[in-house]
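Work through the exercises below with the structure open. Try each task before you read its solution.

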Amino acid sequence: MNRIIAFLLMLAVCLLALADNSQKYREYADTIRTEVWNMELPAFNAPASAQDYKDESAVILAAYRGINAKKKTGIAFNVAMLTNILTSPIKTTPQIHATDLYRRLILINDKAALEKFSEFELSTKENTGNYLNFWAYYKEDINYVLGVRIIKPDGRIVEIDTNDFIDVKEGKKEKELKQKLAVPGLEIGDKIDVFYYTESKLKNAHLDPIVINFRDEYPILNYKVHCEFDDNLTSQIRTMNGAPEFKHYQAENKDYIIDAEMTEPTNKIPRLWYNYRRQSPLAFIAVYNRRNKQDYTPKSARKDGIQINPDATDIQNDAWVQMDNVMYSQSFFGTLTGHLDGGKKVAGNLKKMIKKGQITPQQAADYLYNLLVFSYNTNGYKYFRGDFVYYFRWFLDLIGIKDAEMGLVSTDTKEPLDQSIYYDNIYWLAHIKGIDRFYFPISGLTAPGEIPAMHQGNPAAFRPEKKKKKTSDDRQLQFTMPISRPEDNRGISTLDVTIDGTGLDITRHEENTGSRKNVMAGLLTEQDLVDGYLKYLNRYGQTIALKENKKKAAERQERYRDAREMQLAAMKDETKEYHGTDAVELKDYRIESIGIDPDSAIMSYTVNYSIDGLVKRAGRNMILSVGSLMSPQTEVMPSDRQRSDDIYMVSPRQFETRITINIPSGYKVSEQSLRALDYRMENEAGLFSSEAKIHGDKLIISTTKRYNHKIEKAGNWDALTKILDDASDWRTRTLLLEKNN
């Protein structure tokens, strides 16, 4: 009985504590909301006219980004070493206290925007840290606040009451605290004033990089940025793609004040093929506390103050310096491959085979690359993309390939190398001079020597030799990564189709190369990847297998079973996406290749299914929706027709469909229907063509759609949409099968 009473008392205390914390948060959030609503921001108080934007779903009348970062000094227990508790139990810790306010005033013009801005959700608190040395090392506490109010057409302001925010707990053990809000009373024609506020307290850590994008999915009429940074911090700012100029000065308290304002309206971001990192006006901000000893401070940031548009080579040098700090020993090869039967022997075996001429240096390098990818993915070793390439370069030396060098390259999703602002946005690469072949960090189903699409066409640089501007072979250090051809990035669909009543029995074989492989990679399971890599690695006399105890082997097999169930569902979704309708029955499927063998870098699979609804009776004849047998097409919406932005694609690409239709006994293909399937249109942006012919009792149809370029100029948008429109039109084609007399 006493235990029950004690438990109830403890439960009551916990509930009171939770209630108290909830109340404190609400009071804190209300204080922030009051401060934000009282800010003097002319663009919010007297917004620009949106008269010219009536056809837009919504208009951002005003946007504001306010960022503040202060250096602080905290006190902590020094528990890094037991002896320090006795000698130096207390130590100071460098901290950054920062706030980030993002506020927008949005005019709601239609139902789509109304639905989007009628509901909000955000976490209220987040705590992270290195708990091995909790007090003395990395720690981060973050609070989040959401504010929403409605401004009616007659000027009335309706602020959303605190009681309308619903507190919820989600995640593991319900430890993730969130607030959800259904905005009451919001209507078309209203303006919604909404902000997100973040307060961060970081110990022994730098701020995460900040990206300010001056374009949105809706037009923006005004965007103001205001930053206040402690003079004892290092703040680096890079502006790109026509972003407004950032001006700065020092206030009386020595804080740096940085301001920028975009007063010219920006158009909404296009729906299709837009790369905001390369096309939107952007500002990147990196803030460092150089006194921090636990989080790496790049060399370029080891002096307090403001750097606006610093020399990109200084940031590149940060990456070279970081590279020099990577720890390496030859024994690490055995550590990394020790979980594989035969793994530790590979380096010695490859070296011997190269010397004897049994394999070429390229074959050895390719094998080593795939071995390391497989090792990282199966032993749980913590993966850093830079370290991987660096170790790969060292391991090449270990097997006797001495002419490998390191390089830097940018990616489509980050700033270009020649406009670098953050060292960790730079990717490392390895290059073997003798075979002129590049190797990159792990990137999906990239085969050795393939250049991932995200790096193609990007600026890159080889590592300079000390005190020299050029390498010893007189090459230029700065260069541009090659771009692949459309035929390097192919999706080939081969269909064998049999008509069964009003349904179709289809066996479809898919082959994907280059950038197309990673689009389809989600269909693969862990077992597919393990089997695929082991199939490749068991060559050149090597015997490689996973080395694990019975428990781990059983756990892996259980994961395999669970993954196969998910894969079955994924295959059903794939058939629906292909034809636009569900399969009646998915009979079977098989993964044939994962595309990591450089001699045949094809990701391929076959799926066998039946589908209904594509055949209709027309008296004695049949009508087949033959267009639905071609691979899916991107559709251009009316709102997409006008475009002034260049078109950024993943890569040049080519899609081929090879369809064999078994003509039912007693039927023939209408001559008119057959002629209608032949088509060809080619222009500077690409190609769409189709060809149909009768071969015995089979109808053979071939279609090709090709995009010529990774980046298509805006002036060629009409040419590109012509290809898309023609392909979409072909998808509506039907085939008349006439009953023989």
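Contact here means heavy atoms within 4.5 Å. The model is predicted.

**Exercise 1. Find the residues through which helix 9 and helix 10 meet, and describe how the two helices pack.**

Step 1. Locate the helices. Helix 9 covers residues 361-379, and helix 10 covers residues 385-398.

Step 2. List the contact. Helix 9 brings Ala365, Leu368, Tyr369, Leu372, Val373 and Tyr376. Helix 10 answers with Phe388, Tyr391, Phe392, Phe395 and Leu396.

Step 3. Sort these residues by class. The contact of helix 9 with helix 10 has 11 nonpolar residues, no polar ones and no charged ones.

Step 4. Take the geometry. The axes of helix 9 and helix 10 are 11 Å apart, and the packing angle is about 135°. That angle makes helix 9 oblique to helix 10. The crossing of the two is right-handed.

**Exercise 2. Decide whether helix 9 and helix 12 are roughly parallel or roughly antiparallel.**

Step 1. Read the angle. Helix 12 spans residues 526-537, and its axis crosses that of helix 9 at roughly 150°. The two axes come within 10 Å.

Step 2. Apply the cut-off. Angles over 145 degrees count as roughly antiparallel. Helix 9 and helix 12 are therefore roughly antiparallel to each other.

Step 3. Helix 9 and helix 12 make a left-handed crossing.

Step 4. Name the contact. On helix 9 it involves Asp366, Tyr367, Asn370, Leu371, Val373, Phe374 and Thr378. On helix 12 it involves Val530, Tyr533, Leu534, Tyr536 and Leu537. By class, the contact of helix 9 with helix 12 holds nine nonpolar residues, two polar and one charged.

Step 5. Look back at Val373. In helix 9, Val373 takes part in the contact with helix 10 and also in the contact with helix 12.

**Exercise 3. Is His339 buried or exposed, and what does His339 touch?**

Step 1. Find the place. His339 sits in the loop between helix 7 (332-337) and strand 17 (340-341).

Step 2. Check the area. The relative accessible area of His339 is 15%. Buried means under 20%, so His339 is buried.

Step 3. List the partners beyond four places in sequence. His339 touches Ser375, Thr378, Asn379, Ala545, Leu546 and Lys547. One of these, Thr378, also belongs to the helix 9 side of the contact with helix 12.

Step 4. Compare sequence and space. Ser329 is 10 residues from His339 in sequence, and their C-alpha atoms are 18 Å apart.

**Exercise 4. Describe the surroundings of Ile611.**

Step 1. Locate Ile611. It belongs to strand 27 (residues 603-612). A relative accessible area of 2% makes Ile611 buried.

Step 2. List its contacts, leaving out neighbours within four places. Ile611 is in contact with Gly503, Leu504, Ile506, His579, Thr581, Asp582, Ala583 and Val584.

**Exercise 5. Give the share of buried residues in the protein chain.**

Step 1. Start with the elements. The protein chain has 15 helices and 37 strands.

Step 2. Give the share. Of its 741 residues, 50% are buried.

Methods
Residues are numbered from 1 along each chain as its sequence is written. This is a predicted model: local features need pLDDT of at least 70, side-chain atom pairs count only at pLDDT 80 or more; totals for chains, interfaces and linings use all residues. Side-chain values use heavy atoms; hydrogens and water are left out. Axes are lines fitted to C-alpha atoms, for helices over the stretch in contact, and angles run from 0 to 180 degrees between N-to-C directions. Helices (H or I, at least four residues) and strands (E, at least two) are DSSP runs, numbered from the N terminus. Angles under 35 degrees count as roughly parallel, over 145 as roughly antiparallel, 65 to 115 as roughly perpendicular and the rest as oblique. A crossing is left-handed if the near helix is turned anticlockwise from the far one by less than a right angle, and right-handed if clockwise. Ala, Val, Leu, Ile, Met, Phe, Trp, Tyr, Cys and Pro count as nonpolar, Asp, Glu, Lys and Arg as charged, and the others, Gly among them, as polar. Buried means under 20% relative accessible area, exposed over 50%, partly exposed in between (1.4 Å probe, protein chains only).
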